[in-house]
Amino acid sequence: MSTATSTRTPLKLDGIVKRFGAVTAIQRFDLEIAPGEIVALVGDNGAGKSTLVKIISGLYQPTEGEIWINGDRAEFSDPSDARARGVEVVYQDLALADLQPVYMNLFLGRELTRGPLRILDRSRMARETQQLVDDLDIRIPSAKAQLSDLSGGQRQGIAIARATHWASGLVLMDEPTAALGVAETAKVEETILKLKERGAAVLIVSHNMEQVFRVADRVTVLRRGTQVGTRSVAETTHNELVAMITGLAS
Amino acid sequence: MTDTAVRHEAPTILDTVRRVPWRAAVVYIGFALVFAFFAITQGEYFLTATNLTNIVVQAAPITVMAMGAVLVLAIGAIDLSIGSTVALAALATAVALESTGSWWIAALVGLAVGALVGAMNGFFITALRLPSFLVTLASMGLIAGLARQLTDLQSVPVLDSTFTWLFGSGTLLGLPILIWWTAVVVLVGWHVLRQRKFGAHVLAVGNNERAARVSGIKVNRVKMAVFTVSGMTAALAGILYDGRLGGARYTLGEADLMTVLAAVIVGGTALTGGKASIAGALVGSLLMSMINNGLILAGLSVSQQMIVRGAIILLAVSLSLRGKKSQ
């Protein structure tokens, strides 16, 4: 499995600025994430969170600033560049093919083949999938089950497993539990914490303050395109974060 | 590892019944029922080896087209132009055969015409992002008109004996050549859909286009390829008609669109994309051919056949599509 084992920094953002014409969407954003660290990105609607996610996942290009992945300067012209550099994204609306078996989703677009005829190696994909979901403690009936037979939480678990499997740098999660119920959210959070144990670097966008305190090590706050501050979760409070997000005090 | 962990309590009979994928099984049950019906009512002739072989041979062009149609439906699109592509490709092949005298150049010309039609459909669907229904509805008319215009409504004879042997009347190892063509095309279709990355990408595009795109699948390339293949299977069907009938006419393939779609849909391929069955399409095609055959044996007139066939297709299609929402 390609978990980040190097001591190099999986993600470093240095002075990221994004302007759309005369509008400045992100004023200046700096962040470093260490292996095995979970950083939460919080802020109100329109604060620039999704712009930032799109920059890191290669959908937008920053106007100024640098992205460093595993210690190397990265320039993404589209999402496949970011993916090639080991950045994987978990979307809130499950970018999965639900009529396909679990293992096909895990290997979607990167299917394993065998032999000179490059025939799909279904049994190996199923085996590796089973191994991965077992490691991450995602309970599903079988790696060969059709995805639509799983619950929303199990499916998001699969989406996260897929990201983990392919990410060598960073797993980016855009509100991974926004569409889930309480119990399913708890299960997905467990999976996220499992990633941390495996040494993955995670940047998670969340609206849910309780969740931020449950899973993140640090939290960074955006307000109207400005990075207001970054706090260690152990040293901040719910009230301080809300104040930073809304701008009532800082 | 696969099935043991699914259930802890012993499944009841009701669970077992519920677990049978009825929708996928409709075509096989239907095939068995229709077969039994004709075997009982028309037994003395229906069950002869000649007649049973005939059913498969008659189905050959439909089966070939169905393989392309499975892929098109699997990406969640539709190709209405296959019927008229049959005519245009058959005529192009016949004309090329007449002027060059070479069976393989003629066949290549036919296939190229089909590929060109398919690629044109694909271009409008991917580059201009038009719905496949509208694009192929328009090209269906355009191609049918072209086939009529280019041949002045005349039929073109196919006399080359190599050609008619290879694409129509020949037998190889005791089996009619059209059965061999059917077998080859079905096996290739199965291989492409089940064993190749391309097949996995086709199903992913039909299932969730956005997921396919963010997973790095070149969605437009997949669509282009699928429509090109669909045009080419229609062209091959046209070539097989040339070989079997000894000539081409603009009316070839006219009624095939409905038969092909019925065969594929009854065979368990979803109109909404993402789910496809090659074996189902083959059996669906044989079912359509068998119905045709049995109705002729029963002495029904052409118009009566049309009515009965339409009703049977309607019944089969509603059985195979019903209950899809509850899944």
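Two residues are in contact if their C-beta atoms, placed from the backbone, lie within 7 Å. The model is predicted, with local features needing pLDDT of at least 70 and side-chain atom pairs pLDDT 80 or more, while totals for chains, interfaces and linings use all residues. Residues are numbered from 1 along each chain as its sequence is written, and chains are lettered from A and ligands numbered from 1 in the order in which they are written.

**Exercise 1.** Describe the side of chain B that touches chain A.

Step 1. Contacts join 20 residues of chain B to 20 residues of chain A.

Step 2. Helices are DSSP runs of H or I, at least four residues long, and strands are runs of E, at least two, numbered from the N terminus. On chain B, α10 (197–207) and α11 (209–214) each supply at least two residues of this side. The largest share, five residues, comes from α10(B).

Step 3. By class, this side of chain B has nine nonpolar, seven polar and four charged residues. Nonpolar means Ala, Val, Leu, Ile, Met, Phe, Trp, Tyr, Cys and Pro; charged means Asp, Glu, Lys and Arg; the others, Gly among them, are polar.
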